[in-house]
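Hello,

Here is the structure I promised to pass on.

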Amino acid sequence: MDWTAFRNEFPVTRRWAFLDHAAVAPLPAVAVRALAEYATDAAQNGIASVSRWTSRAKAVKASAARLLNAATEEIAFIKNTSDGVGFVAEGFPWLAGDNVVLAAEEFPSNQYPWMNQAHRGVEVRSVPSRGSRVSFDDVRAAVDSRTRVVALSFVEYASGYRNDLDAIGSFCRERGVYFFVDAIQGLGVFPLDVTKTPVDFLAADSHKWLLGPEGSGIFWIRKDLIDLLHPIGVGWNSVVNAVDFAKTDFRLKPTAARWEGGSRNNAGITAMGAGLDLLLGVGIAEVGDRVEFLTDYACERAASAGLKVFSSRAAREKSGIVSLCSPGRDPDDLRNRCRDAGVIVNQRSGRLRISPHAYNSTEEIDRFLECVTT
Ligand SMILES: Cc1ncc(COP(=O)(O)O)c(C=O)c1O
């Protein structure tokens, strides 16, 4: 793989050593062009171009389906991950006394929508991590006969721990429990084939590893579960005869598109599609190998910069996120020092966090390490 050509797709490299894709990724040039194309067309043609953007959205959905090895009918465009979590948490047929099992250190988007079901008698069971790991044994122990859903991240945002979706999903299947995945910190960098991994629903905005803009994401639901959830956010575009505005005919689409209640975010969707196609063109497994190479490189050298690797770096547990302890030094100060030197990293849970994407270089990792070396 020619990573130099791939790197040339990222204007951000001219100014920054950008190592913060777990926050908000910079747009690749293809996504910028897609946005400009949409904006120009919207300015010049408005509604006269409607079919062009309907076709583009269809193509983007096909790319999203390819990413997951899913059917397009199982995918809905969403405005962010929180939207998708809400579809499941709000729409699930809970009975009072049911519970949902989460990791205690999940990002708030994958906690509050479940907590918001307390008025329906739903208990949230939060499993604390053990160091940098979410213990599968602890998740298993938290599940009982009233557990209906396990909801976890593909990759934990603060520790960078990659959950074993195959093992947890298989366990959920055996126990008749549904499995929801907040996929935003893993999708685009690690392969996920929903015909093999027993996941039931997932959601991810595109603004991190998928290299899309904020406010445009995907929700995936296993086909046979579409009728399990009561759809929320229903609007004119949720029904079978969506454009027959004068005829009220409340028959929901039989697909995940029933969750796309109103007008599409064409600008965001087309830019998301550009990022998706860029990644699919390289191959997700190749992207993942490259990200593992760069993060391994950083971890091998962290001690020389006075940093201690907090994240698990065991095979299949490591991810694109490396969480680093900086004993005796304030992580906010270190992050600011990096920024002043043109290196973008972040701080989460009192630790430095770096998250390089496949276009980053070892030289950029070296720059980061130099910045934090006392
Ligand atoms: C695990 C996880 N889920 C969700 C989000 C963001 O949620 P949303 O797409 O709703 O803004 C983040 C952002 O940092 C995250 O790390």
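Let me start in a loop: Leu211 sits between β7 (201-205) and β8 (217-221). Strands here are DSSP runs of E with at least two residues, helices are runs of H or I with at least four residues, and both are numbered from the N terminus. Leu211 is not a glycine, yet its phi is positive, at about 65°. The residue is buried, with a relative accessible area of 0%. (Buried means under 20% relative accessible area, exposed over 50%, and partly exposed in between, with a 1.4 Å probe and protein chains only.)

Before going on, a word on the source: this is a predicted model, in which local features need pLDDT of at least 70 and side-chain atom pairs count only at pLDDT 80 or more, while totals for chains, interfaces and linings use all residues. Residues are numbered from 1 along each chain as its sequence is written, and side-chain values use heavy atoms, with hydrogens and water left out.

Another loop, between β9 (308-309) and β10 (322-325), holds Arg316. Arg316 also is not a glycine and has a positive phi, about 70°. Is Arg316 buried or exposed? Its relative accessibility is 56%, which counts as exposed. Lys318 lies in the loop between β9 and β10 as well, but at 11% relative accessibility Lys318 counts as buried. Setting aside neighbours within four places in sequence, Lys318 is in contact (heavy atoms within 4.5 Å) with Gly160, Arg162, Phe190, Glu292, Asp296, Ser312 and Arg313.

Arg173 belongs to helix α7 (residues 165-175) and is partly exposed, with a relative accessible area of 41%. Apart from neighbours within four places in sequence, Arg173 is in contact with Pro198, Val199, Asp200 and Arg222. For Arg173 and Val199, 26 residues apart in sequence, the C-alpha atoms are 9.0 Å apart in space.

Now to the ligand. Which residues are closest to the ligand? They are Thr81, Ser82, Asp182, Gln185 and Lys208, out of 13 residues that surround it; a residue is near if one of its heavy atoms lies within 4 Å. This shell divides into 3 nonpolar, 7 polar and 3 charged residues. (Ala, Val, Leu, Ile, Met, Phe, Trp, Tyr, Cys and Pro count as nonpolar, Asp, Glu, Lys and Arg as charged, and the others, Gly among them, as polar.)

A polar side-chain atom of Asp182 is 2.6 Å from a nitrogen atom of the ligand. The side chain of Gln185 has an N or O atom 2.9 Å from a ligand oxygen atom, and a polar side-chain atom of Ser109 lies 3.2 Å from an oxygen atom of the ligand. Taken alone the ligand exposes 400 Å², of which the protein buries 88%; accessible areas come from the Shrake-Rupley method with a 1.4 Å probe, and for residues only the protein chains shown count as cover.

Finally, the chain as a whole. It contains 11 helices and 13 strands. Its radius of gyration, taken over C-alpha atoms, is 21 Å, close to the 21 Å that the globule rule (2.2 Å times the number of residues to the power 0.38) gives for 374 residues, so the chain is as compact as a globular protein of that length. Buried residues make up 58% of the 374 residues.

Happy browsing!

Definitions and conventions:
A polar contact is a pair of N or O atoms within 3.5 Å; within protein, one must be able to donate a hydrogen and the other to accept it, and residues adjacent in sequence count only if both atoms are side-chain atoms.
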